[in-house]
Amino acid sequence: MRILRLLLVALCATIAMEAYGIEPSTQIVVRDGRKVYVHKVEKGHTLYSIAKAYGVTEKQIIDCNEGLSPATLRIDDIIFVPCVEKKGGSKQKTQGDGKDGGKYYIHTVQSGDTFYSIARHYKISVDVLRADNPSVDPSTLSIGTELRIRRGEVGYATTDDIDKSEKREQGEEPKQELRSNEYVVQKGDTVYSLSQRAGLSEREFMALNKLRSPSDLKLGMVVKLRSDIEEGIAQPGSEDVSAQDAEMEQSEAIEEAEMGNQSADAEETIAPQKQRERLSGRSDSNPIVDNRPKLPWFLFGLDDDEVDLFRPNNVQFIELGANSTLKVALMLPFQIDGKAKPLYVDLYRGVLLAMEDLKAEGLSVDLTVFDTQNDAAIIDDIMTYEDAFLDAHLIIGPVYEKEMQYIINHAEREGVAVVSPLANIESLQSPVLFQMQPERTHKYDKIKHLLNDDREVIVIYASTNDGGYLSDMNGIITSSRRRDLVFNYNQGAFFYKRTASGGRGESVSIDDIVRSRHDKTFVIVADGATDIDRILTTLSSSKTKLLDRGAAIGRYDVVGNYKWTRLNNVDPQSFFKNNVSFISSYHLKRSNEVIRIFDARYIKRFGSLPSAYSYRGYDAALIFCSRMFLGFEDNIFSQQFKPLTTTYRFMPEGGINVNTEWICESYNDDFTITVK
């Protein structure tokens, strides 16, 4: 139905666009609670022609795009155009302020309008229209009255449904008699609340009522709270089925359910109580109640350890065939507290380039973007009203961990993977959650061989030291041949043994240490750029001097802090001379051919240089979208992925699925760089 609704919206715009020679945009995203077209400016386009083509005003477009004006419009710019549906001759405006937050259109009643003609016009259920306008009497509708039209319900009702409602109201059609196991959905009812009322899990309630997703539940719908079998009502055609045939059908249905292939027919064939016991592994004597809160746990004041009580044991991920259409929901806080966050726009742009590459491979992907604004109320609206979210097979975002809990509960029920593109997840646990930022516990896996008993390890301190880096090193150095030195500069470089109190002991010759034929590793924990540069220069000078004298020296390496690469006072040449290895979360070299090609595409498309957020957005979309077409669970774990120049590998750890791949950059004394 969502596709039908969007097609109806696009059709109105297409008629106008053809007159102005502007190709219609088929991409609609949600920004600030409103649906907007994503339009790429081409040669000959002006703000005036774009506005006329879409049936909006220039000011409406300018309001959607900060800093845009007729003078600043450029070819290849990506701009947003508000979606405005033209509703005949009726006056219509969008309510975007107040408590409704832009969830409604406002329809002003014109001469000849009736409650039912308005419902037909918007193809919205009469019950929904009545529920959203409780103070309006449908029988005495007055010209000028303003009616709220719920955006999320437009296009869902058929003319036949509305005609039947009108006949029932006028007494021309008898009202439906409800059976004792049936219920009419009221305002405020949800799948969760009705499943609790029925004593079923949400999945069982949806199966009983043939609901594909929670969004299929509509106001005024008649639903079952118990099955017809439990109620003692004969199934249509059951009298034609012999006892033997019925037993065979039930046996086949149970087998399907055990294999996880729970078809609608299977669920109607088995007596619900027996089916629930078989599927959940429990009986009435050992009930399990799904008591997870519907709202985010942090709104309930729950502690982090209490949240673990709500985690399911396992999840079966959605799988798509090669010819399916993948529906992706991208959730980003494009603005927080009214302030724009351009870096998240960069991430979104990276995702768009990945979409282009996926489609070039013949894959069908439908992307919908939501602006969460880091606001739980907005996320609630998205989950309640947006079919594009509820029907999504994959969710990328939200950015912040506390936003994710709300999303996770939905994702676990639906078997949808949730990709955290940026955050280090601290307390949240869920088998559907994938963290792209490499997990800290694996940070130094690739250099542990430089710090074990195979080597002598020399830790060099200075007057000021990096406490965090020192703590990391102390946690991973396992060599029993560790020595701690203190560096001091006084018209020359001097090294001393470090005392237990952190002071300077007797002096040490650095030449003697370098001369040693044993393999060794220097760990420099000094914090100041000048000290770091002097220590590296002293080490390389000692090595050069000894080699010039014909001395046979053992190999040494330096384990460095990645922040050195950003220090202006440290000579990068010293990295090569000292075999320095760095650990980083992301590998990016602008000179790399893969990056140069990506950068050129990005600049041509968006007119700016990509940021690290752009690359991460591309990586997230390319890795996870492509896996959805191959059998997700069998093709995501333990495999290496390298969309650009950074490698990822995902493993289940600590209650979530984490990226275990940190990047090790090694600067070699032959002036090459090794990345692993």
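Is Thr-646 buried or exposed?

1. Basis of the note. This is a predicted model, in which local features need pLDDT of at least 70 and side-chain atom pairs count only at pLDDT 80 or more, whereas totals for chains, interfaces and linings use all residues. Residues are numbered from 1 along each chain as its sequence is written, and side-chain values use heavy atoms, with hydrogens and water left out.

2. Thr-646. This residue is buried, with a relative accessible area of 1%, where buried means under 20% relative accessible area, exposed means over 50% and partly exposed lies in between (1.4 Å probe, protein chains only). Thr-646 sits in the loop between strand S23 (640-641) and strand S24 (648-653); helices (H or I, at least four residues) and strands (E, at least two) are DSSP runs, numbered from the N terminus. The side chain of Thr-646 reaches the backbone nitrogen of His-587 at 2.9 Å. Leaving aside neighbours within four places in sequence, Thr-646 is in contact (heavy atoms within 4.5 Å) with Ser-585, Tyr-586, His-587, Phe-641 and Ile-663.

3. Asn-657. Strand S25 (residues 656-659) contains Asn-657, which counts as buried at 4% relative accessibility.

4. The structure holds 20 salt bridges, a salt bridge being a side-chain nitrogen of Lys or Arg within 4 Å of a carboxyl oxygen of Asp or Glu. Side chains of opposite charge can pair when their charged atoms come close. In one of the bridges, the side chains of Glu-356 and Arg-601 meet at 3.3 Å, N to O. Because Glu-356 lies in helix H14 (residues 342-360) and Arg-601 in helix H22 (residues 593-606), this pair ties together parts that are 245 residues apart in sequence. Glu-356 is partly exposed, with a relative accessible area of 35%, and Arg-601 is likewise partly exposed, with a value of 27%. A network of salt bridges links Glu-356, Asp-357, Arg-601 and Arg-605.

5. Glu-593 forms a salt bridge with Arg-596, the closest N and O atoms being 2.2 Å apart. Being 3 residues apart in helix H22, Glu-593 and Arg-596 are separated by about one helical turn. An α-helix has 3.6 residues a turn, so residues three or four places apart point the same way. Both partners are partly exposed, Glu-593 with a relative accessible area of 46% and Arg-596 with 44%. Arg-482 forms a salt bridge with Asp-484, where the closest N and O atoms are 2.9 Å apart; Arg-482 is partly exposed at 29% relative accessible area, and Asp-484 is partly exposed at 22%.

6. Helix H14. This helix has 19 residues and reaches 28 Å from its first C-alpha to its last, close to the 27 Å expected at 1.5 Å a residue, the expected span being 1.5 Å times one less than the number of residues. The buried residues of H14 include Tyr-344, Leu-347, Tyr-348, Val-351, Met-355 and Leu-358. Just after H14, Gly-362 takes a positive phi of about 90 degrees.

7. Nonpolar cores. A nonpolar core is a set of buried Ala, Val, Leu, Ile, Met, Phe, Trp, Tyr and Cys residues joined through side-chain atoms within 4.5 Å. The largest has 79 residues, and those with the most contacts inside it are Tyr-348, Phe-389, Leu-394 and Phe-624. A second, separate core of 28 residues includes Ile-458, Ile-460, Phe-495 and Phe-582. Leaving aside neighbours within four places in sequence, Phe-389 is in contact with residues including Ala-329, Met-331, Phe-370 and His-410.

8. Cysteines. The structure holds 0 disulfides, a disulfide being a pair of cysteine sulfur atoms within 2.5 Å. Cys-83 is in no disulfide, and the nearest cysteine sulfur, that of Cys-64, is 9.1 Å away. Cys-83 counts as buried at 11% relative accessibility, and Cys-664 is buried, with a relative accessible area of 1%.

Definitions and conventions:
Polar contact = N/O pair within 3.5 Å; in protein donor to acceptor, adjacent residues only side chain to side chain.
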